[in-house]
Structures are given as structure tokens and as C-alpha cells.
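Me: I have a new structure open and want to learn how to read it. Can we go through the main features one by one?

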Amino acid sequence: MIGRRTGQVVLMLAGLLAWAVQFTIIYGATSTLCGLDRADATLLGIGNVQAVVLATTLAAFLAAAGALAWLLWAQKRTSDQAAPADRFMTQAGALIGGFSLIAILWQGLPALILPACA
């Protein structure tokens, strides 16, 4: 069973974890597909690399946005009764989640637009 503080830390870092997973999958899939000469193949009308990047970026964005929404809801619900450490973790998690959303889009959009194996 996960302790309360461990859950808070995981939720606080959820945006960064989503960004790290997106980064790993995008660059791993791109280098693998380019190395196997499969980047030009299409899946449902779009290139394999772009399909992987699009799906991964959407999943990471939704995961980070969900964690951010949960943190903002928790902050609003318990803003007066929470201990200072709990408020700090909620506010730091919201800040990290916001930056993570920007980083996920910042990383995903160029990978969609630029040629995969150039």
C-alpha cells in the first residue's frame, strides 16, 4: 500500500514522469523506425513516426493535464485546513504540472512537423 506522502510526491511529479515517458518513447521509436528504414511507411494515412509521436504526445498531455487538474482541485478543496507541507507540495505540483504541459507540447510539435529521419 502506498503511503500518503509517497502518493503526494508521485502526484507532484506526475507531469515530469509523463514528459520523461513521452521523451523516451518518441526518440526510441523514431531512431528504431529510421534505423529499420520503416519511417516512410504509413499507418491510417500518416507516417509511422508521426503516428507514434501523435499518440504519445496526446497520452502524455492528458496524463499531465489530469494530474494538474487533480492537484488544483485538491488545493481548492483543502486550502484552509491543510498543513503547510501539504500546501507546498500541492502548489509545487501544480507549478511542475504546468511547466510539464508546455514541455510536452514543445517537444511533440516539432517531432510531428519536421521530417523524421533528416
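This is a predicted model: local features need pLDDT of at least 70, side-chain atom pairs count only at pLDDT 80 or more; totals for chains, interfaces and linings use all residues.

Me: How many helices and strands does the protein have, and in what order do the elements run?

Reply: There are 4 helices and 2 strands. Read from the N terminus, the order is α-α-β-β-α-α. The protein is more spread out than a compact globule, because its radius of gyration is 18 Å, well over the 13 Å that the globule rule gives for 118 residues. Along the principal axes, the C-alpha trace spans about 55 × 25 × 20 Å.

Me: What share of the contacts between residues at least 6 apart in sequence join residues at least 24 apart?

Reply: That share is 76% in this protein.

Me: Now the surface. How much of the accessible surface belongs to carbon and sulfur atoms?

Reply: The accessible surface comes to about 7600 Å², and 72% of that belongs to carbon and sulfur atoms.

Me: Which residues form a nonpolar patch there?

Reply: Val9, Val10, Leu13, Leu16, Leu17, Trp19, Phe23 and Tyr27 do, with about 670 Å² of accessible area together. Helices α1 (4-12) and α2 (14-35) each supply at least two of the patch residues. The largest share, 5 residues, comes from α2.

Me: Where is Leu13 found, and is Leu13 buried or partly exposed?

Reply: Leu13 is in the loop between α1 and α2. With a relative accessible area of 30%, Leu13 is partly exposed.

Note on methods
Residues are numbered from 1 along each chain as its sequence is written. Side-chain values use heavy atoms; hydrogens and water are left out. Patches are made of residues with over 30% relative accessible area and no salt bridge: like charges are joined within 9 Å, nonpolar side chains (Val, Leu, Ile, Met, Phe, Trp, Tyr) within 5 Å. Accessible areas come from the Shrake-Rupley method with a 1.4 Å probe; for residues, only the protein chains shown count as cover. A salt bridge is a side-chain nitrogen of Lys or Arg within 4 Å of a carboxyl oxygen of Asp or Glu. Buried means under 20% relative accessible area, exposed over 50%, partly exposed in between (1.4 Å probe, protein chains only). The radius of gyration is taken over C-alpha atoms; the globule rule is 2.2 Å times the number of residues to the power 0.38. Contact means heavy atoms within 4.5 Å.
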